Structure formats: C-alpha cells, structure tokens
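Okay, thanks for coming, everyone. Let me put this one on the screen and talk you through a helix pair, then a couple of residues.

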Amino acid sequence: AFDQYDIMSLKRVLLRQYRPLHQQLFGNHYICATHSLCRHPHRSFLRHCSSSPIQKEIEQIPSGTKGTQEPIPTESTEEYIEEIPEPPESGRRLLRDAIMFGVVGMIAALSWTMWRQRRENYGSNTVTELYSVRAHIQHALATQDMDARIHHLSEAELHCRKALQDVGGGYLATTNTAVAANDSQSQSHSRVDYDPHIIALHIQLGKICYLLHKFQSAVDNYLVVLRALTQEFGYQSVELISPCRQISDCYMNLGQSQMSQLFLERALKVIDDSTKTRPSEHDEYGPICQQMAVLLRKQYKWRESVEYTNKAMKAAKSMLGEHHIQIAHMLLDRACCEMELKQWKTAEKSARNALQIVEFDSEDAMSASQRFLPSDALQSSEPQTLADRVKNKLKESKTPQQLQHEQEMQLLQQQQQLRMNSMVRGVSSVQQMMEMKCSILFVIGQTLIEQERVSDAKMIFNNALLFATKLNDSSKQLLIQDQLTDIENMIKDANPV
C-alpha cells in the first residue's frame, strides 16, 4: 500500500518529466492539489520517516539541478511520421532507370553485333552465288573438254558479277557512273574506299576473266584492286605484289611488254623495300624473277633473261632444294638463252644438269611405284608368323566380292600415296616427265651439232625420237626427223664416197 506522500512524489516526478502525458492522465485539478499539498509545512515530519522501496527508486532518479537529463519531449505518432523526409526523386525511379538502362544496353549490343556480322559476312544471296562460282571453277579445272571448261567458266563469271551487284555493284560500277559524269583524268585520281568483300570479288572475277582469255577485263578488275590496296596499305605494302604479278601476266598476253615489265619492276621494288637485307629470301622473289626472265626472253633480251634466271634459281634452290623439277625448267630456259648467245658449251652444261634432275625425279617416282606393286613371288606358301596365319584365315572366310573390294581400296591408297610422293618433288605425271626429257634432249642435240659432234648428236636425237613416239606428238617427231636428216647430210658431206 502506498501512502499519500509516495503518491504525491510520484506525481511530482511525472509532472516534471512527462508533463503532456500527465495532463492527459490526471487533469489540471490533480496538478493543483499536488502543488498545494507539497506546500503544507505540517507534512515536513514525514521526511524523517522510513521510505518505501518505490520511494527509494524515485529518489535515485537524478534531480534536474546537478547534470540532470533534459526532459524528453513526447510527440504524437502522426507528428513523428510527418517529420520523416521523403525519398529524392532519383531514388524513387532507381529500379525503373536500372531496367531501362539494361534494356537499352542489350538493344545496342544486339544492333552492333548484327551490324558487324553484316559488315564482315556476305548476305545469303551473295553466299549462294559464291558457292556457285566455286563449283563452276572446280568443274572447269577438272574437265578435259575445252567446250565444257569454257561453259563452266562463263557461268562462274555470271555468278560472280551477280554477287558484285548484291554488294553494291563493285568498284567498276561506280567507276563507270563517275566516268559518265566526269572526265577520265579526274576519275583516275579519285579515291576508292577499301571494302574487303568487294576486293575479294574483283580478284575472283579477274582470275575467271584470265582463264577465259579476257585479259583486258582481268586488267580492269586487278587495277581497281591495286588502287584500293595502295590507298589502304600504302605504296610499299607487300599486299601489292600479287596484283602486280597478275596485271603483268595479263599485259604480257596482250603483247604490251613494257607495261608488263613496269608492274614486275614495281613488285620487285616492294620486295626490296620490305626485305632490305636479303630480298631473295622472300617467297615471291623467285617467281617474279622467273616471270621477268620469260618476259625478257620474249623481247629477245637474252643476256638480261639469263641474269634473272640465275636469280630465280638461287631463290628456288634455297626454298625447294637442288633436285626440284622447277629447277630443271629454269635450267632448260637458261640453256635456250645461252644458245641464242652462241654459248654452246655453257648451254650444253645447263641442259645436261636439267636432264640429271629429271632423271633423278623419274627414278624416284619409279621406285615409289614399284614399292607399291603387288609381288606374289615374295609371298611364301606357308605363313611364318601368327599374324600371317590370322590374315590368311580371315581371307579364306571372305567372299570374292569382299576381296575384290579390298584390293581396289588398297590400289587406290597406293595411287594416292604415289601421287603424294611425286608432288613432293613437283612431278605431276609421267607424260610431263617424258615431254621434259624430249625437250632437253632436243636442246642437247642442237648444241652438239653446233660443236660439230655429229655422232653424239645423232644418238641424242634418236633417244628424243623414242620419247616423241611414246607421246604420239607428230610435231616433235617431224622436228627430230628433220634434225636427223640434216645430220645424215652432214655425215655424207664430211665423208664423200
């Protein structure tokens, strides 16, 4: 039970610290009664009385005179909620903005991917036309009929021009439009934008026109390719070597030797600038020198042709070896030039070196073919090992059709292996080897006649006649017969009866 003093003390404390709540609970009349009671002096004796536990706890509350805590003002729930600040405008749209940014980024990435694929890849129609071009070129190169080859090459040219129309018509279409509007001089200095798709199609169209002997059309395509590559990579770029060689071939077939030589010299200058120390180590140096030697030989410049042939042989030996068939071709060409220079002994030496290379390659090919021939004599009647017994047992259990099929497959593999072995040394066929031997023997025979070694020349021409007979080449047979007739006349004149 609480006494009256305890109740008054509690009210006084509540009045100090929780005035608003006190007013709501007890009203104004309790506050006034509490103040009047506290001012009565006859209640002072209660201070010496023992205090209750609740009073002790109330007294332990620090007073407001010595470092007391300020009364905590009470606020209603509505006022507290009203004082909470609203979130900023950007915070309210944060999730929405994140989603929008993600969607925009995905759309941009997809658009960039599609644009890159469209730029780096051909369209579906263009790809179909290119597959048709490739198929027709393969059929043209595989067939032996000249009419069928021309038909396939014409179809390849048609499909290639359609592919150029799909990608915008190509550089020649834009060039023709500009020429119709401007003069040729301003058009020659206009810039051609580099597009690898159009460049590749112009190169393919140039090759097809070259195979169709449309050399001027091939030159037109290769010239725009050369201009675009020059503007993109520079005048001294190695990318210009291949177009220069192709343009030179076309001009040489058109009979414009000076233009052909000009582009070959430009290709050699590019190689010299790219490899300043050793130009002969470049892959294209040897073929370009050989091409220059052929061009100079057509211009009857024998001495310059020999010089370029020696350069080409040096580069070819470092890349292909000493016994490659291409070295034999170069030696034969050099022997012909040396004969025109009346260097008979040097020409004979060059021709005999070429014959040694051909003989070496032919013997290697024959040994490779004999290595794959079936030899029944080497097979013993009784198997010597367990593996041989198992193989023979399996053969006995197979039908004749299966055995025939296995033999055909084995023969096909042997032919493929023989072809691979011959390709290593540049040998394409036995017929070409025989033609090469016949030509070399004919050159050797002519050098021997000029050296007045008639008996040796007669023996050489007889051997050449054998190869010409095997080849069924009537023109070579007639030439060799004329040489033999001249030799007989020379022998009769030298030994009159």
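So, α13 passes α15 in a left-handed crossing, meaning the near helix is turned anticlockwise from the far one by less than a right angle, with clockwise being right-handed. This is a predicted model, so local features need pLDDT of at least 70 and side-chain atom pairs count only at pLDDT 80 or more, while totals for chains, interfaces and linings use all residues. Residues are numbered from 1 along each chain as its sequence is written, and side-chain values use heavy atoms, leaving out hydrogens and water.

Who makes that contact, with contact meaning heavy atoms within 4.5 Å? From α13 you get I241, R245, S248, D249 and M252, and from α15 it's P287, I288, Q291, L295 and K298. Sorted by class, that's 5 nonpolar, 2 polar and 3 charged residues. Nonpolar here is Ala, Val, Leu, Ile, Met, Phe, Trp, Tyr, Cys and Pro, charged is Asp, Glu, Lys and Arg, and the others, Gly among them, are polar.

Now the geometry. α13 covers residues 241-253 and α15 covers 285-298, and they pack at about 20° with axes 12 Å apart. The axes are lines fitted to C-alpha atoms, for helices over the stretch in contact, and angles run from 0 to 180 degrees between N-to-C directions. So the two, α13 and α15, are roughly parallel; the cut-offs are under 35 degrees for that, over 145 for roughly antiparallel, 65 to 115 for roughly perpendicular, and oblique for the rest.

Next, H282, in the loop between α14 (257-274) and α15. Buried or exposed? H282 is buried, at 18% relative accessible area; buried is under 20%, exposed over 50%, partly exposed in between, with a 1.4 Å probe and protein chains only. Leaving aside residues up to four places away in sequence, H282 touches I241, I271, S274, T275 and M319. I241 is also one of the α13 residues in the helix contact.

Over to E157, in helix α8, residues 146-166. E157 counts as buried too, at 9% relative accessibility.

Buried residues make up 30% of the 497.

How values were computed. Helices (H or I, at least four residues) and strands (E, at least two) are DSSP runs, numbered from the N terminus. Contact means heavy atoms within 4.5 Å.
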